[in-house]
Amino acid sequence: MNIKMKDVAVSFKNGVTAVNHVNLEIPQGIFGLLGENGAGKTTLMRVLTTVLKPSSGTVLMDDLAYSEGNYEKIRRKIGYLPQELNLYPNLTVRECLEYLGGLSGVPRKECRERIDEYLEKTSLAEHQKKKMRQLSGGMKRRVGLVQALLNEPEFLIVDEPTTGLDPEERIRIRNLLGDFSKNRTVLFSTHVVEDLAAACSRLAVMKKGEFLYTGEMSELLQMAKGHIWVGTVRNEEEARMWEHNQEGGGGGEGETPLPYYFEAVYGKRPAGENHQRGKTGTRMCAAGDYAGGRLYVSYEPGGKKLKRGGDGGEVF
């Protein structure tokens with residue numbers, strides 16, 4: 001299945017333009033949609049699920065146009081995991097999924113078989129008799145993903161599917177989506193770069209309702225060369241000095257302003273690990289993350305000052 005958006009715009013009565021005349025083609029397989037909160041990703045997905053009618057432009061599912069006369073046919077081909085999903089708190093996990101499967105028109109026997117399969121794949125089988133209100137946020141997220149898969153959609157749209165999941169479960173969900181995407185189209189929306197890097201080869205980067213980039217992941221990484229730096233600093237004060245330098249505050253002799261964004265991560269990185277979790281202000285981020293050309297710095301006692309092209313700096 002192939003999805004095409006031509007000159008699509010979405011504007012609201014308050015004057016906000018959430019999607020600004022975009023063009024996009026989503027081919028078969030997993031296609032990533034990357035962007036910060038408020039970039040317009042959810043609005044775009046609401047258009048693709050027929051929940052929201054665009055202010056202008058056209059959307060095609062293969063040769064089927066998004067129009068009120070075709071909405072019923074289109075909805076039968078779509079599975080959707082929204083960013084916020086409030087399921088029935090007094091039903092058990094199985095009862096909830098059987099009910100939602102019935103609403104989607106899935107025959108009862110097939111629905112039960114699919115529920116068994118996906119509960120196992122999402123590590124929810126042992127929790128199927130629990131009430132929905134008893135589940136953690138991550139478990140509810142997985143139940144939401146299962147309901148989106150029950151009708152075996154040709155076009156699956158998932159909005160932040162790994163939110164609230166631990167690293168092991170995130171990998172399991174990415175693998176599940178990868179298997180499901182064979183001969184199907186999956187739109188994977190997130191602001192977590194690691195998920196898209198592991199799951200898809202094509203993506204679009206969205207900001208303020210427009211696409212900054214659409215194409216191959218490998219090409220995006222190639223464009224980032226020379227703009228991504230990893231290094232060490234002696235202490236937090238030195239890291240802040242470099243951050244100030246990046247923002248135009250200047251620096252000492254021999255120091256060169258770093259390109260694009262600069263964010264600092266403190267805490268020693270264990271040997272052999274490519275990523276760690278650390279704090280930059282109040283935001284959590286992963287060391288080695290290349291989103292938006294950010295630079296992440298780890299603090300190690302006795303570390304060398306990071307300079308453009310100098311000791312402690314590495315371009316990759």
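This is a working chat about a predicted model of one protein chain.

Colleague: What is in the chain, in terms of helices and strands?
Modeller: The predicted model has 9 helices and 15 strands.

Colleague: How much of it is buried?
Modeller: Of the 316 residues in the chain, 48% are buried.

Colleague: And what share of the contacts is between residues 24 or more positions apart?
Modeller: Among contacts with a separation of 6 or more, such pairs account for 66%.

Colleague: Let's do helices. How do α3 and α5 sit relative to each other?
Modeller: Helix α3 covers residues 93–103 and helix α5 covers residues 137–149. Their axes come within 9 Å and cross at roughly 30°. Angles under 35 degrees count as roughly parallel, so α3 and α5 are roughly parallel to each other.

Colleague: Is that crossing left-handed or right-handed?
Modeller: The crossing of α3 and α5 is right-handed.

Colleague: Which residues meet there?
Modeller: From α3 there are V93, L97 and L100, and they meet V143, V146 and Q147 of α5. By class, that contact has 5 nonpolar residues, 1 polar and no charged ones.

Colleague: Which residues of α3 are buried?
Modeller: V93, R94, C96, L97, L100 and G101. Looking down the axis of α3, these buried residues fall within an arc of 160°, so they line one face of the helix.

Colleague: Why would residues spaced like that point the same way?
Modeller: An α-helix has 3.6 residues a turn, so residues three or four places apart point the same way.

Colleague: What covers the buried residues of α3?
Modeller: The cover includes α4, residues 108–121, and α5.

Colleague: And what follows α3?
Modeller: α3 is followed by G105, which has a positive phi, near 85°.

Colleague: Back to α5. How does it pack with α6?
Modeller: Helix α6 spans residues 167–180. The axes of α5 and α6 are 12 Å apart, at an angle of about 5°. The two helices are therefore roughly parallel to each other.

Colleague: Which residues make the contact?
Modeller: α5 supplies R142, L145 and L149, while α6 supplies E169, I173, L176, L177 and F180. Sorted by class, the contact of α5 with α6 has 6 nonpolar, no polar and 2 charged residues.

Colleague: New topic: where is P161?
Modeller: P161 is in the loop between β7, residues 155–159, and α6. With a relative accessibility of 2%, P161 counts as buried.

Colleague: What does P161 touch?
Modeller: Leaving aside neighbours within four places in sequence, P161 is in contact with L81, R141, L177, F188 and S189. P161 and L81 are 80 residues apart along the chain, and their C-alpha atoms are separated by 7.3 Å.

Colleague: Now K41. Is K41 buried or exposed?
Modeller: K41 is buried, with a relative accessible area of 6%. K41 belongs to helix α1, residues 41–48.

Colleague: What surrounds K41?
Modeller: Not counting residues up to four places away in sequence, K41 touches L33, L34, G35, E36, E160, S189, T190 and M206. K41 and D159 are 118 residues apart in sequence, yet 8.4 Å apart in space, C-alpha to C-alpha.

Colleague: Last one: which strand holds T185, and what does T185 contact?
Modeller: T185 is in strand β8, residues 185–190. At 0% relative accessibility, T185 counts as buried. Apart from neighbours within four places in sequence, T185 is in contact with M1, I26, P27, Q28, G29, E154, F155 and L156.

Definitions and conventions: Residues are numbered from 1 along each chain as its sequence is written. This is a predicted model: local features need pLDDT of at least 70, side-chain atom pairs count only at pLDDT 80 or more; totals for chains, interfaces and linings use all residues. Side-chain values use heavy atoms; hydrogens and water are left out. Axes are lines fitted to C-alpha atoms, for helices over the stretch in contact, and angles run from 0 to 180 degrees between N-to-C directions. Helices (H or I, at least four residues) and strands (E, at least two) are DSSP runs, numbered from the N terminus. Angles under 35 degrees count as roughly parallel, over 145 as roughly antiparallel, 65 to 115 as roughly perpendicular and the rest as oblique. A crossing is left-handed if the near helix is turned anticlockwise from the far one by less than a right angle, and right-handed if clockwise. Contact means heavy atoms within 4.5 Å. Ala, Val, Leu, Ile, Met, Phe, Trp, Tyr, Cys and Pro count as nonpolar, Asp, Glu, Lys and Arg as charged, and the others, Gly among them, as polar. Buried means under 20% relative accessible area, exposed over 50%, partly exposed in between (1.4 Å probe, protein chains only). The arc is that of the directions from the helix axis to the C-beta atoms.
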